[in-house]
Amino acid sequence: MTADPIVVLRDVYKRFPGAEALRGVSLDLPAGQIVGLLGPNGSGKSTLLKLMAGLYRPSSGTVLVGGRAPDRRTKTIVSYLPEVDHLYPWMTVQGSLEFVRAFFADWDDERARALLDFMGLAPGKKVGALSKGMRARLRLVLALARSAPLVLLDEPLSGIDPPSRSRIVDAILSEYRAGRQTIVISTHEVLETEALFEQLVLLESGTVKLQGDAERLRAEFGRSVQGIMEEVLA
Amino acid sequence: MFGLNGGTQLQLRFDPERPIYQQIIDEFKRAVARGDLKPGDRIPSQRELATQARVNPNTVQRAYREMEWMGLVETLRGQGTFVAGEPALLATLRAEMADEAVERYVGEMRALGFSSQEILERTKRSLAQVKEGGDGNDG
Amino acid sequence: MKGAFWPMLRKEFRQALPAAAGIIAAVMAWQMFLYTRIGRWPMDVVLIVSALPFGFVPLWVLSRGLSTLRQEWAGNHMYLLLSLPIPGWYIAGAKVLVVTVEGLAYGVVIGAGWLLLARGSGGLELVALEAVRLPWGAIILLGGLSLTSPLATAVVAQFSYVASRLAPRLRGLALAVLLPLSGWFVTRAGTVLALPFLWLPHIDFTVHAVVDGVTVRSGMALDVAPVIGSLLAVAALFWATATLLERDVEL
């Protein structure tokens, strides 16, 4: 898979009043892999994903998604799962799906239905009435019901109950189109995602500390991804 | 990992500290050496294994490719992946794995400072105990 | 995606329903209360008081225009809206449309209520007549109707809020400055943009009133050019809002 990288960052800075979330990040993300974006809370993972999704603009430096700066066009190939509850609580589960589906040509109805089933979500229930874990499952369904070339999942497992976590990992894996889809998963604890990642990017305090092939790094460090994280981000 | 029914019973016990694709290959070899997999048996498709073991599909692909390159498996278009039909495969693999296991064991013992004689003694004693304790099949 | 404006509009409408329904219900309750005052209070007072809400309509529209946007950020819904591959005017347009319709609805409900009360007092008397008899009633009525129409107010509110989001700090201050500034812009630019249209004729209409069997006619004239000018200014502000939403605004 030596095609063009799907995401390119060159010397990207992102500053907020009183904080510098990303400092000089340069990164090439190869297409068609599951990428683990790892690092402690506050390391800039979320900010990085939001830049790719076009929700933030860099303070300086360039961000390219599919060769373009994030705009309306790049948003058609990006499926973004935020860490927060972003759905309308007054909509039903089915209503949320129908709303999002109206905007994306790559929406897959069958897959959406299958995922809803798999996640145990009742179509008629109001989003506001769902538990936190169920809302997280619904968000994931929305992110995976499309055949988007770039899928960005921001802490999909954080604060989620164990049964939901397993479901989420299983859903990600079963829907993944190896080679044709790039999935970037950000997390601060590796646990059940240990064997999922093909490519690792370790962030700390807004800079990239390490990037590379997961298997190669396992061999080099003689440690698990969790262990590598602990060692590099000591 | 590779069950008798070609993959429906999968228990993943991989060591996250070592390359996973290598462990898949090793486990495959072990399954063949044990007789759980025979030449011509179908093994889980890459997708099945990836989903059930929760491993990146590309990692599984890498393992399968190597196994194919090593002559351990063959993929028939539209039908799946099968253990290579080589009759001598079983014997070869068992021999290979046995040699590796012995080398590892001897190496460890030597590192602890035991002489060849001592190693032999201890091995005999251990084998005798196993015979008494059980039928040796479930270790 | 093509045709995706309608789902956005539907969503806006449903989202706005509770608040709008609340305001309308309050107005109706107020009108009904006033209905019970017929005979107890002087009729003039009843009619003036029932027309009072007209004066609030621009304020309500302004507040609604601001809040429909603010709630998207406050409820983290911008994470969803900004990730959609749509032009900025889908969001801005849907919101402006809904808020404008809300404003018109308020006006209609207030006007209908007022009309019913006028009837209820016995004998249909029209605006102009009331206005003649009660000058300050006319001011409130006409002022409320002709003051920045709901559309312009909604666009001014929207533009101000969206533009204020671009400020890294002190957004509240930015908003407080942008609101009167953009309002001023609409009137100023409206005057300037009206110039090429001054040759257009007036629209004349007369108001008939029947008082004690005698027909009274009052003529009123509406200048077209200023209206066009204002609409153009509003369109420019709307275009700016849509562009900011698509290109510059962030989470």
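Five residues of domain 1 of chain B are in contact with five residues of domain 2 of chain B, two residues being in contact if their C-beta atoms, placed from the backbone, lie within 7 Å. The side of domain 1 of chain B that touches domain 2 of chain B comprises three nonpolar, no polar and two charged residues. Here Ala, Val, Leu, Ile, Met, Phe, Trp, Tyr, Cys and Pro count as nonpolar, Asp, Glu, Lys and Arg as charged, and the others, Gly among them, as polar. Domain 1 of chain B spans residues 20–83 and domain 2 spans residues 88–133, with bounds taken from an automatic or database domain assignment. A distance of 27 Å separates the C-alpha centres of domain 1 and domain 2 of chain B.

The model is predicted: local features need pLDDT of at least 70, side-chain atom pairs count only at pLDDT 80 or more, and totals for chains, interfaces and linings use all residues. Residues are numbered from 1 along each chain as its sequence is written, while chains are lettered from A and ligands numbered from 1 in the order in which they are written.

Chain B contains five helices and three strands, arranged along the sequence as α-β-α-α-β-β-α-α. Helices (H or I, at least four residues) and strands (E, at least two) are DSSP runs, numbered from the N terminus. Of the 139 residues in chain B, 27% are buried, a residue being buried if 20 or more other C-beta atoms, placed from the backbone, lie within 10 Å of its own. Among contacts in chain B between residues at least 6 apart in sequence, 63% join residues at least 24 apart.

Strand pairing in chain B involves β3(B), residues 80–83, which runs antiparallel to β1(B), residues 42–43, and is joined to it by two bridges; two strands pair if DSSP finds at least two bridges between them. Within this pairing, R42(B) has F82(B) as its bridge partner. Strand β2(B), residues 73–76, is also antiparallel to β3(B), with four bridges joining the two, and V73(B) is partnered by V83(B). In the hairpin of β2(B) and β3(B), three residues lie between the strands, and G78(B) takes a positive phi near 80°.

Between chains, 22 residues of chain A are in contact with 20 residues of chain C. Helices α1 (45–53) and α2 (72–77) of chain A each supply at least two residues of the side that touches chain C, and α2(A) provides the largest share, three residues. By class, this side of chain A has 14 nonpolar, three polar and five charged residues.

Technical notes: Buried ≥ 20, exposed ≤ 12 C-beta atoms within 10 Å, placed from the backbone.
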